[in-house]
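Subject: Structure handover

Hello,

I am passing on the structure we spoke about. Please look it over first; my notes follow below.

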Amino acid sequence: MSSQDIFFKHQAQTTPFAKALEISHSEGMFIYDIDGKRYLDLVAGVSACTLGHAHPNIINAINTQVKRYLHVMVYGEYIQSPQYKLAQLLAQNLPKKLDCTYFVNSGCEAIEGAMKLAKRKTSRSKIISFHNSYHGSTHGALSIMGQEHYKTKYRPLLGDCYQIPYDCISALQKIDYQTAAVVVEPIQGASGFRVPSTLWLKQLSKRCKEVGAQLIFDEIQTCFGRTGKLFALQTFDVVPDILCLAKGMGGGMAIGAFISSKEDMALLKENPMLGHITTFGGHPVNCAASLATLQTLLDEPDIIDSVIRKEKLFRDNLVHPKIKEIRGKGLMLAVELGNKDWCNALVEKGYENGLITFFFLFTKTSVRISPPLNISDEQIVEACQKIKHILNQF
Ligand SMILES: Cc1ncc(COP(=O)(O)O)c(C=O)c1O
């Protein structure tokens, strides 16, 4: 059997039309297939590969840690230097009250942990999220998803979860004294990078404070520089009670985190203790990769400082009659074509032309651009030329 046959026979698929590109290796901005063809990666593993592929600092950190130890004990029992150093560096770069990190395996686990912590903090159960939100695929995260289509076959889900309109000030009144938490993406990902007004996010924060609800920021996709600041909370100047991270924080390795105050996080260790347990959460190798990613971003501030300029370069170069709009902020951009077939054709022909773009979960009329943050200006211009060349073909 060919590798294709085995892949389709024995590996579970999530769509009927997997691309099935067979990877040889990846380096910098490029992914190489087994035929030696090179693809410029404008997707970065869906916003995960913050510093591109095989960044030497990340590879060195992984190699060093692999030689020291792998998994040694369930989360939170032993002192492991990649974990505590990363927790400290995060605290040093976050607002004061976000000083205690719980490391997990993924974005959805961070969301699960954050929702549980909010329930412990408030002794309430109601959780509010937003239309078109995406927070992950586990039952809890699915319960707060803002798209019924993807939830309906899995009901019953978690009770007492409600979705209200995003970026709508009047709807904030639905957040009431029974609300344990409001979970929000500072920029919505799956619906095609929708950026809300800063005023709305500030009003949301105010309303949560008024009623004593925990504000949970899902920065799983915006974290580690993608919006031009290390965290989007700096971009919008709003400090949540709990912050969820994953994807880009790992520099290509699997890690997530929920972060709150030391005092609130202590709720998980008593009455009952073991409020959240995870075997592999904060795996030392993955923490070492995350630490190297964060340290590199801090040591080379130009990487994050260049994000807004690179956004402008994309916007200036992606002018074409078929492009209706470019949404998003920083290096999370949605090219709106207003036409599903054109999107499919752009992504497909992109591969033919050695360029990787991708789809969004909830919108079929725009195409994702979320490259590694260290993509060069020349690569951006080249990518835009390819996109326009492809759009000219249909
Ligand atoms: C905003 C947001 N939240 C949560 C998640 C879930 O993260 P994971 O796939 O690591 O569970 C994602 C993943 O795409 C995301 O974009």
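The shell around the ligand divides into five nonpolar, six polar and two charged residues (Ala, Val, Leu, Ile, Met, Phe, Trp, Tyr, Cys and Pro count as nonpolar, Asp, Glu, Lys and Arg as charged, and the others, Gly among them, as polar). In total 13 residues surround the ligand, the closest being S106, G107, C108, G136 and I220; a residue is near the ligand if its C-beta atom, placed from the backbone, lies within 6 Å of it.

This is a predicted model: local features need pLDDT of at least 70, side-chain atom pairs count only at pLDDT 80 or more, and totals for chains, interfaces and linings use all residues. Residues are numbered from 1 along each chain as its sequence is written.

On the domains: the protein chain is assigned domain 1 (3-55 + 302-391) and domain 2 (57-299), with bounds from an automatic or database domain assignment. Their contact takes 26 residues from domain 1 and 29 residues from domain 2 (contact: C-beta atoms, placed from the backbone, within 7 Å). On the side of domain 1 that touches domain 2, there are 16 nonpolar, eight polar and two charged residues.

On the sheet: β1-β2-β3-β13 is the order of four strands in an open sheet with mixed pairing. Strands are DSSP E runs of at least two residues, numbered from the N terminus, and two of them pair if DSSP finds at least two bridges between them. β1 (23-27) and β13 (355-356) each have a single partner strand, so one side of each has no neighbour in the sheet. Four antiparallel bridges join β1 to β2 (residues 30-33), and E27 stands opposite F30 in β2.

Regards

Technical notes:
Two residues are in contact if their C-beta atoms, placed from the backbone, lie within 7 Å.
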